[in-house]
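Open the model in your viewer and keep the selection panel at hand. This tour goes from the whole chain to a single residue.

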Amino acid sequence: MRIQSVYVVVGTMLIAAPGVGNAGLSDRVDALRQIATDVGHVIGAASACREISRPRIKAMTDKLSDLIKNSVANREEFSSIQQAFDQSTAAGQRTVTSKQIDCAAADRDLAEMERIVASPQAAAPPGAVPAQARAATIASPPPAPAVTGASTPPARTTPAVALPQSPPSAAAPATLRTLAAVPSAPAATAVLPPIFAPTTIAAARGITDDEIRFGISAPFSGAAKELGRQMKLGIETAFNRVNDAGGIHGRKLRLIAADDGYDPARTAETMTQLYEKDQVFGVIGNVGTPTAVVAAPYALERRMLFFGAFTGAGLLRRDPPDRYVFNYRASYAEETNAVVRYLVKIRRLRPEQIAVFAQQDSYGDAGFEGVAKAMRALRSGQEGTIVRLGYKRNTVDVDEAVAQLRKNTAIKAVVMVATYRAAARFIEKTRDANPTMIYTNVSFVGSTALAEELKLLGPKYAAGVIVTQVVPAVDGYSSVILDYKSALSTYFPGEPPDYVSLEGYVTANVLIEALKRAGPQLDTERLVEGLESLRDLDMGLGTPVNFGRVEHQGLHKVWGTQLDATGHYQPIELQ
């Protein structure tokens with residue numbers, strides 16, 4: 001509602017207000033519908049702006065709710081008025097999301113409504129009925145005659161107020177004051193549903209009556225493209241499954257993908273595309289640590305959900321946690337701690353016999369720091385030298401790392417924090433010179449893609465290579481694995497089971513459970529509160545998923561797997 005239309009709202013409010021008699025039934029309902037339409041437009045625009053606080057919107061909605069609640073006579077009237085309000089709220093939101101107006105204008109309109117309601121002495125423009133007279137008309141109706149045994153409130157006989165035919169160009173601050181002046185009316189006999197719940201009008205971007213849109217920024221080209229493809233595949237498998245079962249409270253889930261090429265320089269562009277052009281509700285399954293360095297702050301600044309990223313980096317696991325960032329998987333610190341302890345306790349290596357082969361960026365840094373922390377714990381807090389070998393992101397140039405390893409003949413194991421092609425190339429170039437070398441990888445490597453690369457090289461390159469996992473073995477027969485395989489074969493026939501797509505599938509199902517619990521009136525704050533209340537969620541993983549206000553990582557378990565000579569993963573115990 002723009003300010004020029006305030007007079008229309010005033011006139012209709014005065015007709016519709018409880019105790020204003022003589023207006024016909026049709027006029028009264030039409031007036032209420034016009035109020036709901038005009039005020040809904042302001043509230044809808046405000047609700048599309050995350051910087052406008054929800055309590056402000058709720059306060060104005062409650063004012064409107066009181067007016068309507070005290071004026072409707074039955075469910076039919078209620079439904080008609082609610083439909084007008086919902087449609088106008090959606091239209092108001094679209095004026096912001098389509099950039100017809102900005103959030104500053106939406107805030108000004110809401111502030112004007114607040115000022116009018118809060119200022120009983122606000123002056124009316126020339127020619128308007130004096131504000132005090134209007135308030136008196138509403139607040140002091142003549143007493144109604146007593147009706148013995150009546151089940152409905154008696155009719156009032158206050159004179160009707162005519163609706164202005166054309167609103168003046170100036171603002172009409174006295175008009176909306178009627179929201180504050182509406183008195184309580186006797187309770188109606190009809191039991192009506194709750195009117196205009198605040199969550200209804202605060203619908204978030206990316207949500208329509210029949211759809212909830214999520215985005216994923218991941219590599220769909222370049223050296224790490226298989227990671228993005230598999231993550232997307234797993235999420236879409238879960239989304240398709242729930243959609244075929246009717247969706248979430250009648251809404252279908254949709255995933256929109258943007259290719260960042262595993263390049264943080266492109267991530268700002270893909271996140272902007274998802275947020276501004278595609279209007280997604282939140283992001284799920286973003287791939288990578290260096291890209292998360294860009295993507296997570298972008299989401300946080302806009303209070304947008306950043307869920308289930310395919311990374312174990314500490315930057316997404318702050319203490320206390322960032323409100324809008326949730327992780328399904330174990331961290332790199334937990335993965336590397338598990339494998340370092342395995343090498344020392346089970347394989348009987350000394351800490352100084354373990355090197356790290358890591359990508360030269362924040363992903364590699366996160367993995368290296370996890371190894372260093374595990375080493376300190378094993379050395380009772382004492383620091384020690386750790387050989388770090390490296391390569392540049394989005395390349396397979398490992399020659400310098402290979403040369404470095406040749407100089408360190410004491411090394412017996414390499415903890416690899418790499419992507420699948422670089423890891424395979426490093427193993428290829430070092431296996432012959434070090435036939436007993438133990439190679440381990442964190443889950444981000446892309447287990448299936450790594451196995452395929454090594455099988456092409458030959459059995460000796462695959463045999464014995466260890467990968468820590470954040471999901472159970474895909475060759476197992478647990479309920480979650482069987483459900484995943486069944487859904488994958490249904491929606492993507494011919495696609496083999498894969499650890500990355502399994503992680504995407506499980507991650508999406510955790511989100512789906514939270515969406516179900518959040519209810520049909522969905523927004524980001526309600527979903528965050530729902531996620532933080534998830535306790536002991538049994539996903540069939542053998543360990544429960546738990547979130548809380550100070551716990552935004554659902555799972556901490558790490559599984560061990562090892563390739564055999566045929567390129568198949570076998571489970572191993574890490575403890």
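Start with a cartoon view of this predicted model. It shows 20 helices and 12 strands. Of the 575 residues, 53% count as buried. Switch to the surface next. The accessible area is about 23800 Å², and carbon and sulfur atoms supply 51% of it.

**Stop 1: the largest core**

Select Phe214, Phe357, Phe426, Leu450 and Leu527. These residues have the most contacts inside the largest nonpolar core, a set of 122 residues. Then select residues 499-518, helix H19. This helix gives the core its largest share, 12 residues. For a separate place, pick Ile35, Met60, Phe85 and Ala105. They are among the 27 residues of a second core.

**Stop 2: Leu450**

Return to Leu450 and show what surrounds it. What is Leu450 in contact with, leaving aside neighbours within four places in sequence? The list is Tyr420, Ala423, Ala424, Asn441, Val445, Val465, Val467 and Tyr569.

**Stop 3: Asp498**

Select Asp498, in the loop between helix H18 (479-491) and H19. Is Asp498 buried or exposed? Asp498 is buried, and it has no salt bridge. Arg229 carries the nearest side chain of opposite charge, 7.0 Å away. Now draw a distance from the Asp498 side chain to the backbone nitrogen of Val500; it reads 2.6 Å. Finish with the residues that Asp498 touches beyond four places in sequence: Gln230, Thr448, Ala449, Val474 and Tyr484.

Notes. Residues numbered from 1 in each chain as written. Predicted model: local features only at pLDDT ≥ 70, side-chain atom pairs only at ≥ 80, totals over all residues. Heavy atoms only, no water. Helix = DSSP H or I, 4+ residues; strand = E, 2+ residues; numbered from the N terminus. Buried < 20%, exposed > 50% of the residue type's maximum accessible area, 1.4 Å probe, protein only. Areas by Shrake-Rupley, 256 points an atom, 1.4 Å probe, with all protein chains shown as cover. Core = buried A, V, L, I, M, F, W, Y, C linked by side-chain atoms within 4.5 Å. Contact = heavy atoms within 4.5 Å. Lys, Arg positive; Asp, Glu negative; His and termini not counted. Salt bridge = Lys/Arg side-chain N within 4 Å of Asp/Glu carboxyl O. Polar contact = N/O pair within 3.5 Å; in protein donor to acceptor, adjacent residues only side chain to side chain.
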